[in-house]
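Hi everyone, thanks for coming. I'd like to walk you through one structure today, taking it piece by piece.

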2 protein chains.
Amino acid sequence: MNKGPANDVLLRALRRQPVDRTPVWMMRQAGRYLPEYLETRAQAGSFMDLCRNPELACEVTLQPLRRFPLDAAILFSDILTVPDAMGLGLYFEAGEGPRFERPVRTAADVRQLRTVDPETELGYVMNAVRTIRRELDGQVPLIGFSGSPWTVATYMIEGGSSRDFGKIKRMLYAEPAILHSLLDKVTQVTAGYLNAQIAAGAQAIMVFDTWGSVLTPSAYKEFSLDYMARILDSLETGEGEERVPTILFTKGAGTRLTSMVETGCDGLGVDWTTDLAEARRLTAGRVALQGNLDPSVLKANPEVIRREVGRVLESYGHGGGHVFNLGHGITPDVPPEHAGAMIEAVHALSPAFHQDR
Amino acid sequence: MNKGPANDVLLRALRRQPVDRTPVWMMRQAGRYLPEYLETRAQAGSFMDLCRNPELACEVTLQPLRRFPLDAAILFSDILTVPDAMGLGLYFEAGEGPRFERPVRTAADVRQLRTVDPETELGYVMNAVRTIRRELDGQVPLIGFSGSPWTVATYMIEGGSSRDFGKIKRMLYAEPAILHSLLDKVTQVTAGYLNAQIAAGAQAIMVFDTWGSVLTPSAYKEFSLDYMARILDSLETGEGEERVPTILFTKGAGTRLTSMVETGCDGLGVDWTTDLAEARRLTAGRVALQGNLDPSVLKANPEVIRREVGRVLESYGHGGGHVFNLGHGITPDVPPEHAGAMIEAVHALSPAFHQDR
């Protein structure tokens with residue numbers, strides 16, 4: 001039986017246990033703002049070549065941890081590995097973002113989707129998880145992840161990124177049964193994929209629902225939240241038979257946070273458009289909260305960064321159950337030392353929020 | 001002294017007076033989904049040529065009213081006429097949206113902005129308002145509008161449309177005094193612009209804050225809401241010395257709706273990501289609510305459209321104070337008969353929500 005990581009402040013915070021300071025990591029912390037990432041990526045070839053190479057995916061996963069005292073590593077991968085494995089043919093067009101060769105448009109397209117054995121078609125991800133765990137050597141926990149079925153389906157149906165989600169919304173309103181059959185398949189594959197990540201060594205799981213908030217509240221429940229809940233229900237225990245903590249993140253969730261608690265997740269990601277004080281009220285203290293510095297703050301300067309970190313900590317307030325993070329991924333134009341200033345500020349300012357009063 | 005329009009159901013609803021049925025109009029109702037609009041636009045030349053031609057701007061304003069029994073006309077214009085008049089040089093790049101020749105980046109850029117006499121630099125808008133009022137001949141009220149200072153400033157600083165608002169947010173966090181001086185100038189020009197529209201005959205005013213919700217709640221108050229409040233405070237009375245009803249619309253406002261009420265506006269636009277029942281609770285019945293059908297519903301079919309119109313009416317519930325609208329502008333790919341089906345459904349289904357119980 002494995003013991004937990006030496007630094008377990010993230011896992012404790014997600015379980016709402018007492019901690020000495022607020023844990024901190026950054027969405028997209030292994031990314032283009034780091035010159036060493038750009039070097040490794042150039043060495044790998046394309047973005048997907050990097051995802052498919054376990055040694056190099058491990059290397060970029062660990063790079064931010066060598067620079068900064070972060071409390072978690074997050075698997076370097078992409079939410080679109082799942083539909084790629086289902087047969088859609090993922091590729092990246094320069095300046096255009098992700099595209100699919102064979103987008104889903106009809107009931108027949110849904111029927112033709114491949115079932116996926118995660119250790120085969122997505123074996124490169126599991127190999128990356130195992131390699132990272134070995135190299136991390138128990139220092140900090142490793143977060144595995146997937147996209148939400150709704151968010152992944154937007155790319156599968158639109159064929160890539162979208163501004164108004166016209167195709168998937170037309171299907172949602174006019175042919176909901178086809179959309180449900182697609183979401184059902186993506187949910188099954190995603191559950192298997194996350195369970196394989198847990199078996200390979202992921203110690204926490206995050207589900208990214210980037211586009212859930214483009215839906216009406218009732219459509220959000222029917223087409224996004226209910227499928228995320230099914231995934232969480234099907235997750236197996238990790239090492240030492242412990243339940244692996246789970247984090248759901250719907251960007252722009254707002255008052256949807258209240259319904260998200262009902263999935264039984266351990267934590268909710270919160271973007272910067274909702275105050276953590278309001279989020280804490282909406283979730284009635286039943287889950288941990290992760291967030292929520294506006295990533296644009298990192299474009300300013302260390303003094304402003306420290307002030308805004310203080311405002312986020314203040315907004316959550318006293319006590320456990322807070323994981324400091326950005327409200328969305330760090331952007332490529334941020335100087336690495338600004339990310340460092342943010343992490344330093346969390347280390348310096350957060351202990352005051354965890355002392356007995 | 002002028003009397004009000006023959007059809008005053010919109011004005012009554014905005015004042016939360018009893019009505020027989022829910023009034024209905026559509027954001028961007030004069031637009032590219034109408035073949036007759038495309039014809040007039042081709043005749044005018046560019047989009048800005050159309051805005052600058054009072055006869056043709058009047059023609060496209062009236063086109064949707066010839067097709068559909070709408071309860072309001074809205075001035076055909078653009079929120080970027082204001083910064084154009086302030087000297088930024090607006091142009092439209094094919095497929096790229098609006099651009100400015102001279103974006104604002106420094107304190108010196110702000111100082112160099114021109115003051116604007118709305119009857120001179122923006123006289124073409126006032127001529128359009130007068131022409132439309134003459135042609136409308138008192139049938140339905142005419143809505144005038146502007147952008148919010150924050151939303152207009154995003155274009156002025158970014159130089160056009162943006163995904164992450166990196167430049168204006170860097171200024172907001174690192175050099176807030178420069179941003180405030182810009183917002184102050186835009187607010188002054190916008191107030192004068194809207195007062196000139198009222199003097200020329202606008203019978204209701206809407207302020208579009210398309211990008212307010214990309215801010216944290218506290219930055220929203222400081223950099224967007226407070227400037228909209230200043231504009232509303234400075235509006236003069238219209239014909240017959242009556243206060244002209246005002247509508248604020250922050251896309252994705254969510255819980256910000258509560259603070260928006262404090263501006264003293266008459267109505268709030270609500271997009272489809274917040275239920276009207278929730279919006280009514282957040283605003284405690286102190287304002288009218290306008291919205292909020294997901295514009296994507298219009299891509300489906302008449303049966304679905306009627307069902308979803310019913311759900312929106314149901315969600316607002318019984319009583320006055322509701323103006324039916326889309327949650328955002330109608331998109332170019334909507335068949336005009338689908339817009340007609342929506343309006344017909346509002347006429348058919350809404351009287352039941354206004355009968356004494």
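Let's begin where the two chains touch. The contact takes 25 residues from chain B and 25 residues from chain A. Please keep in mind that this is a predicted model. On the chain B side, which helix gives the most to the contact with chain A? That is helix H9 of chain B, residues 166-174, with 5 residues. If we sort the chain B side by residue type, we get 7 nonpolar, 10 polar and 8 charged.

Now, how do the two copies relate to each other? Rotate chain B by 180°, with 0.0 Å of shift along the axis, and it superposes on chain A with an RMSD of 0.0 Å. The two copies are therefore related as by a two-fold rotation axis. Which residue of chain B comes closest to that axis? Look for B:Gly254, whose C-alpha is at 3.3 Å from the axis. There is one more thing to say about this contact: 100% of the interface residues of chain B are also interface residues in chain A, so the copies meet through the same surface.

Next, let's go inside chain A and look at its sheet. Here 7 strands form an open sheet in the order S1-S4-S5-S6-S7-S8-S9, and the pairing is parallel. At the edges stand strand S1 (73-74) and strand S9 (322-326) of chain A; each has a single partner strand, so one side of each is left without a neighbour in the sheet.

Strand S8 of chain A, residues 288-293, runs parallel to S9(A), and 5 bridges join the two. Opposite A:Phe324 in S9(A) you will find A:Gly291. For background, most residues other than glycine have a negative phi, and most peptide bonds are trans.

A:Asp137 is not a glycine, yet it has a positive phi of about 55°. Where does A:Asp137 lie? It is in the loop between helix H7 (123-136) and strand S4 (142-147) of chain A.

On to the helices of chain A. Helix H11, residues 217-233, lies across strands S5 (204-209) and S6 (246-250) of chain A, running at about 165° to S5(A). Then there is a helix pair: H5 (residues 81-88) and H8 (residues 149-158) of chain A pack at an angle of about 45°, with their axes 10 Å apart. That angle makes H5(A) oblique to H8(A). What makes the contact between them? From H5(A) we have A:Val82, A:Pro83 and A:Leu88, and from H8(A) we have A:Val152, A:Tyr155 and A:Met156. By type, the residues of this contact are 6 nonpolar, no polar and no charged.

Let's compare that with a helix pair in chain B. Helix H10 (residues 176-200) and helix H11 (residues 217-233) of chain B pack at an angle of about 30°, with their axes 9 Å apart. H10(B) and H11(B) are therefore roughly parallel to each other. H10(B) passes H11(B) in a right-handed crossing. Among the residues that meet are B:Leu183 and B:Leu194 in H10(B), and B:Phe223 and B:Ile231 in H11(B). This contact divides into 7 nonpolar, 2 polar and 1 charged.

Staying in chain B, strand S6 (residues 246-250) and strand S7 (residues 267-269) pair in the parallel sense over 3 bridges. There, B:Phe249 has B:Gly269 in S7(B) as its bridge partner. Helix H13 of chain B, residues 276-283, lies across S7 and S8 of that chain, running at about 155° to S8(B).

My last stop is a hairpin. Strands S2 (residues 90-93) and S3 (residues 97-100) of chain B run antiparallel, joined by 4 bridges. Within this pair, B:Phe92 stands opposite B:Pro98 in S3(B). The hairpin has 3 residues between S2(B) and S3(B), and in the turn B:Gly95 has a positive phi of about 75°.

Methods: Residues numbered from 1 in each chain as written. Chains lettered and ligands numbered in written order. Predicted model: local features only at pLDDT ≥ 70, side-chain atom pairs only at ≥ 80, totals over all residues. Contact = placed C-beta atoms within 7 Å. Nonpolar A, V, L, I, M, F, W, Y, C, P; charged D, E, K, R; others polar. Least-squares fit on C-alpha atoms with pLDDT ≥ 70 in both. Axes fitted to C-alpha atoms, helices over the stretch in contact; angles between N-to-C directions. Parallel < 35°, antiparallel > 145°, perpendicular 65-115°, else oblique. Pairing = 2+ DSSP bridges. Left-handed = near helix turned anticlockwise from the far one by under 90°.
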